[in-house]
Amino acid sequence: MDIDYAVSLRPMSGIYIHIPFCKKACHYCDFHFSTSLKYADEMVESICKEIKMKKDRISGQVGSIYFGGGTPSILSQAALQKIFDTINHTFSVDTGAEITIETNPDDLTSQKLRELKQLPVNRFSVGVQSFYNEDLIWMNRAHNADEAENCIKRSQDAGFENLTLDLIYGYPLLTDAKWLSNINKAIELAVPHISAYALTVEPKTALAHAIKNKQQIPVSDSQSAAQFVILMEKLLTSGFDHYEISNFAKPDGYAVHNTNYWKGVNYVGIGPSAHGFDGQNRYMNPANNALYMETIESNKLPEVIELLNLNDRFNEYIMTSLRTMWGTDLQKINDEFGKDFLEQTKHNILGLKDKDWLIYDGDKVKLSEQGKLFADHIASELFIVE
Ligand code: SF4
């Protein structure tokens, strides 16, 4: 299925808020977080202050708010309420705005769900990762398999239907049979959205350290690719649209915030390590809680501006658009980047090693099923380097 983005997903501005706290450090994770909640109250104060300092960044309505991290569900109801109050006093939030909070299964107790019900949150992103205890222990997750399953049912019983699950594939313990079982479990739980990521070994993580010390054997690209194929086949035959390389949704379950990000819609980033985009340039806050809070305390914004030239913007457009089911729009390249970029893109497409990686749909170029296995490589081949 294809949808008309202009009609179905409104490109209003978004807000991303990074909550930099987690209970435990997952062995593969290189996101910015602290396992100490000692300065959580001060952090919330700084986040609220940064929201107010960025009042002029959004002139129209806010169409999506996304609490990421870290583990935002670790914050108390009062802390989250304080952030929402600040957002509402600072910006005009659309009544139909998608408001997502990343949660971990061990946080989603009945009490927590009652608290979240008091807040304007209407979508959970649940970090399930696997329904197998041995996998969760290997990852050093804070939850177990029962919690992974029960928290979804509990959330649905509490009236939270708009859920997305995160799953991971391509790690040493995961056989193809276990992977299929994890996918089937997610389907059985009747969630409208599933995100699935191939495990990547990031530098400076416990996993990278273990591989370096020969305590772990990295998974081969071919095993990971085979599990990606299993994922695509199973979810496509179960009524999900593969609308971005790592994201699958039922027709009414597309993520507004993420889709806007892929479509280049502007969003304001708040909190340590958060990124923002104003339609032209990127803004990045430092991945350092103390530095972030000190700078905000001195009434300055801690962000660094990454000025994107035309080439940078073109390459970003290629990278994000090609990964989506809407594809890369050659007419848009002509209109926004110029005839030279269009000609070079056509030339680069002709130079691809495998002619079956891309398919044409009018002016749109999209990844074929085979091409989806090489998305990042194909995008890099289409980049224009100065
Ligand atoms: S809970 Fe999420 S952010 Fe926190 S360490 Fe684990 S993967 Fe990273």
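The model is predicted: local features need pLDDT of at least 70, side-chain atom pairs count only at pLDDT 80 or more, and totals for chains, interfaces and linings use all residues. Residues are numbered from 1 along each chain as its sequence is written, and side-chain values use heavy atoms, with hydrogens and water left out.

**Overall form**

- The protein has 15 helices and 15 strands, taken as DSSP runs (helices H or I, at least four residues; strands E, at least two) numbered from the N terminus.
- The radius of gyration is 21 Å, which agrees with the value near 21 Å for a compact globule of 386 residues; it is taken over C-alpha atoms, and the globule rule is 2.2 Å times the number of residues to the power 0.38.
- The C-alpha trace spans about 55 × 50 × 45 Å along the principal axes.

**Contacts**

- Of the contacts (heavy atoms within 4.5 Å) between residues at least 6 apart in sequence, 70% join residues at least 24 apart.

**Helices H2 and H3**

- Helix H2 covers residues 40-53 and helix H3 residues 77-90; their axes come within 9 Å and cross at roughly 10 degrees.
- H2 is therefore roughly parallel to H3, a term for angles under 35 degrees, where axes are lines fitted to C-alpha atoms over the stretch in contact and angles run from 0 to 180 degrees between N-to-C directions.
- On the H2 side, Val44, Glu45, Ile47, Cys48, Ile51 and Lys52 meet Ala79, Lys82, Ile83, Thr86, Ile87 and Thr90 of H3.

Methods. Parallel < 35°, antiparallel > 145°, perpendicular 65-115°, else oblique.
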